[in-house]
Amino acid sequence: MEIIVEVLSRNGRVQDRVRVTSDTASIGRAYYNNIIIGDQYVCPCHLQLKYDAAEMHWLAIDISNKNGAFLVGDGPLRHSHRVVSGDEIDLGHTRIRLLLPDHEVAPTKRMPPGRLLVDYFGLPMIASALLFFTVSIFALDIYLGQGRIIQWQELVLQGLMLLAIPFGWACLWSLIGRVFVHDARFAYHLSVGSIMVLASHVISTTLEYFRFMFNAYNASEWLELMLDAGLSVCVLLAALSVTTNLIRRKRWLIANGLTFSLLGVSLLYGFVNANAYRTHSEAYELKPPFAMVKTPVTSAALIASLDDVVLTLDKHDDEEEDSTTPEGAAESPLEELGVQEEAGD
Amino acid sequence: MRIVVAFFSVFLALAGYAETTDDAKRLYHDYQDAIYQIRIIEKGSGNKAAIGSGFQISSDGLLVSNFHVVSEAVSKPDRYLIESLSSKGQRTHLEILTLDVVHDLVILKQAEAGSSWLNLQEGDLEKGARIFSLGNPHDLGMTVVEGTYNGIVDHSLYERVLISGSLNPGMSGGPSINRKGMVVGINVSTAGNQISFLVPVVHLRNLYQSVDGVVSSRVNWEALIEHQLVQNQQRVVDELLQSPWATTPLGDVQVPSEIADYVKCWGDTEAEDEQLYKVIHRTCNVDEAIYLAQYFSSGTFRLQYQWLETQSLNRFQFYSQMQDSFYLTEANNAYRENVTPYECKSEFVEAGGQPWKIRWCARRYKRFPLLLDVSFSLASLADNRKGMLMNFAMAGIDQANAKRVTERFLESIQWKSL
């Protein structure tokens with residue numbers, strides 16, 4: 001007859017699992033035991049397990065000379081306790097669980113669907129390809145933004161500086177993963193880092209187009225805030241899901257709570273500073289150059305529509321707001337003579 | 001004989017010198033009692049917050065100074081009061097009688113009239129005439145500065161007399177007088193290096209004639225200032241729109257530049273070796289503005305143009321450079337305590353046979369709600385190798401006039417070739 005002994009850690013995690021195939025087994029700190037427990041509050045020979053062939057059950061016998069053994073939920077172990085599958089017994093600071101082979105196990109869980117994605121993005125090939133793609137897009141962007149002769153060394157340097165973001169991200173999260181779940185998954189985090197950089201660039205470029213086409217600067221500011229917040233949530237969840245082993249429900253909840261509270265805080269920040277987002281006098285878009293699909297209006301139509309601007313101005317007149325003074329504000333060459341300030345006179 | 005003539009000339013020159021210095025001495029002696037230091041007193045501390053100069057112009061104790069000397073007391077009467085300090089050290093409380101914000105003048109009423117006053121010069125003074133500016137620079141005591149009268153500045157938006165003489169902070173509001181002791185102008189500003197400006201006395205006479213001598217505590221100065229500013233911008237815009245705007249080429253576009261004789265244009269071309277495109281800048285300024293408060297001026301405008309062209313940039317690169325140079329400019333200084341934030345509108349508009357992107361922005365004056373600062377920028381969008389960026393910024397204009405000027409500007413642009 002067989003019995004399985006699980007040695008549990010303080011937080012309930014199984015540290016050791018031993019299958020006993022003989023009729024007796026001893027548990028204690030001494031090395032002659034079948035199951036050895038490294039706990040200084042456990043006696044050299046603390047508990048004995050014995051199969052009663054006549055009665056066809058296992059007995060747990062307390063043979064300690066100090067500290068005793070305690071059946072969880074019952075109290076001190078009787079001299080010979082008849083084992084029921086699933087019994088947990090405390091020896092010193094250590095808890096063991098006794099299981100019979102026919103002990104029922106929980107139904108098999110389905111793998112989380114994201115797991116496939118995690119494995120896919122964890123492939124070094126995919127991570128390298130994503131990184132390369134991101135750097136290429138940025139190199140193209142830098143090239144298209146240049147109005148002067150640019151040396152290739154400069155492009156390489158800027159590319160390397162860009163690489164620092166996904167690499168830094170990957171290093172940080174693999175370290176966290178290594179500590180918490182003993183699994184670094186550097187390639188996966190590198191993929192997530194690249195996607196993050198790429199997606200944020202796509203968002204800002206798309207909104208540039210949005211601002212170019214429409215007279216909706218506030219909407220574009222809000223959209224940018226929401227999209228950036230959404231992106232942050234996605235990448236944080238992607239990183240946390242791997243570094244905290246989300247198969248455990250509690251951790252899954254913590255990770256979700258953390259990311260959504262971050263989203264909440266960023267949206268709250270947006271609401272509090274809503275006025276600052278309302279007018280953006282510096283947003284002067286001219287890119288992309290091929291995108292002008294709206295038909296230009298006549299100057300008369302434009303002049304007629306200018307009253308709307310002043311109407312909007314009147315609507316917000318009472319609100320107190322930041323007034324930006326752009327560079328290039330005029331400076332009179334004449335210095336007014338008279339007013340001489342006397343500080344603290 | 002030659003030696004005798006030379007000696008005689010030297011003697012004459014010395015005699016002339018002695019005469020002018022004697023003039024200064026005499027004038028100072030005769031008129032020092034008519035000159036006052038104007039002090040803006042902060043009520044909380046009881047100390048002065050700002051100083052200027054002023055002078056008495058009538059027997060009933062009317063004092064003249066610059067509006068910018070007393071502007072704090074006008075906008076915040078609960079915080080500041082105005083007093084005068086005579087040459088004998090006597091302090092007297094002053095009330096504002098009337099003001100002219102456009103010409104930077106204020107007439108104040110003294111509780112007790114002083115014994116001495118100055119008369120105003122009738123008619124014009126000759127260019128080159130010797131004049132004497134009086135005032136209290138840097139609170140150092142009453143001084144007299146000799147200078148030369150150079151007449152009204154050519155092509156100015158707000159009339160100013162140019163003098164060669166050193167005016168200094170604290171002398172604002174003081175008189176400049178001729179050798180007979182008649183006021184020819186009121187000290188107002190300096191551009192350094194012996195270049196200083198006076199308000200012509202004719203504006204003081206006009207203001208003085210409108211005074212009935214009764215101090216009314218119920219006068220709403222803000223409303224009066226707003227009225228004067230509105231009248232002034234109406235005059236400026238009417239004059240500006242009366243004649244067709246002459247345009248000059250910049251790149252391939254005919255643009256309005258020196259649209260009035262007081263508008264001065266400056267140019268520059270930016271074409272460094274490493275830079276793959278060329279930019280020609282033109283800025284047309286009005287060097288004058290109306291002082292409303294510290295860090296708040298108005299009644300002026302500015303035009304800015306940038307012509308960009310390239311042979312080697314592709315269209316993406318070219319529009320990136322265009323975008324980097326496309327921004328809002330302002331014609332004046334103003335901060336949030338005096339103006340609302342800008343409200344803007346973007347649109348695509350057809351002008352001069354070309355599609356443009358226009359961004360039209362306006363902000364309102366908090367204390368003078370009829371007036372706006374308007375700034376609009378245009379960028380040409382049709383050509384991928386050459387383009388124009390334009391900006392017209394106006395300070396202190398009403399809604400209807402802002403639209404009139406925008407319309408005229410759009411009509412004036414002409415693209416030469418497409």
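Predicted model: local features only at pLDDT ≥ 70, side-chain atom pairs only at ≥ 80, totals over all residues.
Trainee: Why does Ser346(B) count as buried?

Mentor: Burial is judged here by counting neighbours, and the cut-off is 20 or more other C-beta atoms within 10 Å. Ser346(B) has 20 C-beta neighbours inside 10 Å, so it counts as buried. Ser346(B) belongs to strand E21 (residues 343-351) of chain B.

Trainee: Which residues touch the most other members of the largest nonpolar core?

Mentor: That core has 122 residues, and the two in question are Val70(B) and Met394(B). Strand E24 (residues 386-397) of chain B supplies the largest share of the core, 8 residues. Leaving out residues up to four places away in sequence, Val70(B) touches Ile38(B), Ile40(B), Ser65(B), Ile82(B), Ile96(B) and Val106(B). There is also a second, separate core of 20 residues, with Val7(A), Val20(A), Ala25(A) and Ala69(A) among them.

Trainee: Now chain A. How many helices and strands does the chain have?

Mentor: Chain A has 9 helices and 12 strands. Of its 345 residues, 25% are buried. Among contacts in chain A with a separation of 6 or more, 51% are between residues 24 or more positions apart.

Trainee: How do I read a pair of packed helices, and how do H3(A) and H5(A) lie relative to each other?

Mentor: Two packed helices are described by the angle between their axes and the distance between the axes. Helix H3 (residues 152-181) and helix H5 (residues 217-243) of chain A pack at about 30 degrees, and their axes are 8 Å apart. Angles under 35 degrees count as roughly parallel, and H3(A) and H5(A) are therefore roughly parallel to each other. On the H3(A) side the contact is made by Trp173(A), Ile176(A), Gly177(A), Phe180(A) and Val181(A); on the H5(A) side, by Ala239(A), Val242(A) and Thr243(A). By class, 6 of these residues are nonpolar, 2 are polar and none is charged.

Trainee: In which order do the 5 strands of the open sheet in chain A come?

Mentor: Strands of a sheet pair through backbone hydrogen bonds, either parallel or antiparallel. In chain A the order is E4-E3-E5-E6-E9, and the pairing is mixed. Strand E4 (35-36) and strand E9 (80-82) are the edge strands, each pairing on one side only.

Trainee: How many bridges join E5(A) to E6(A)?

Mentor: The two strands are joined by 6 bridges and run antiparallel. Asp52(A) stands opposite His57(A) in E6(A). E5(A) and E6(A) form a hairpin with 4 residues between them, and Met56(A) in the turn has a positive phi of about 60 degrees.

Trainee: Which way do E3(A) and E5(A) run, and what is the bridge partner of Thr24(A)?

Mentor: Strand E3 (residues 24-28) and strand E5 (residues 47-52) run antiparallel, joined by 4 bridges. Thr24(A) has Lys50(A) as its bridge partner in E5(A). Strand E6 (residues 57-62) also runs antiparallel to E9(A), with 3 bridges. There, Ala60(A) stands opposite His81(A).

Key
Residues numbered from 1 in each chain as written. Chains lettered and ligands numbered in written order. Pairing = 2+ DSSP bridges. Buried ≥ 20, exposed ≤ 12 C-beta atoms within 10 Å, placed from the backbone. Contact = placed C-beta atoms within 7 Å. Axes fitted to C-alpha atoms, helices over the stretch in contact; angles between N-to-C directions. Parallel < 35°, antiparallel > 145°, perpendicular 65-115°, else oblique. Nonpolar A, V, L, I, M, F, W, Y, C, P; charged D, E, K, R; others polar. Core = buried A, V, L, I, M, F, W, Y, C linked by C-beta atoms within 7 Å.
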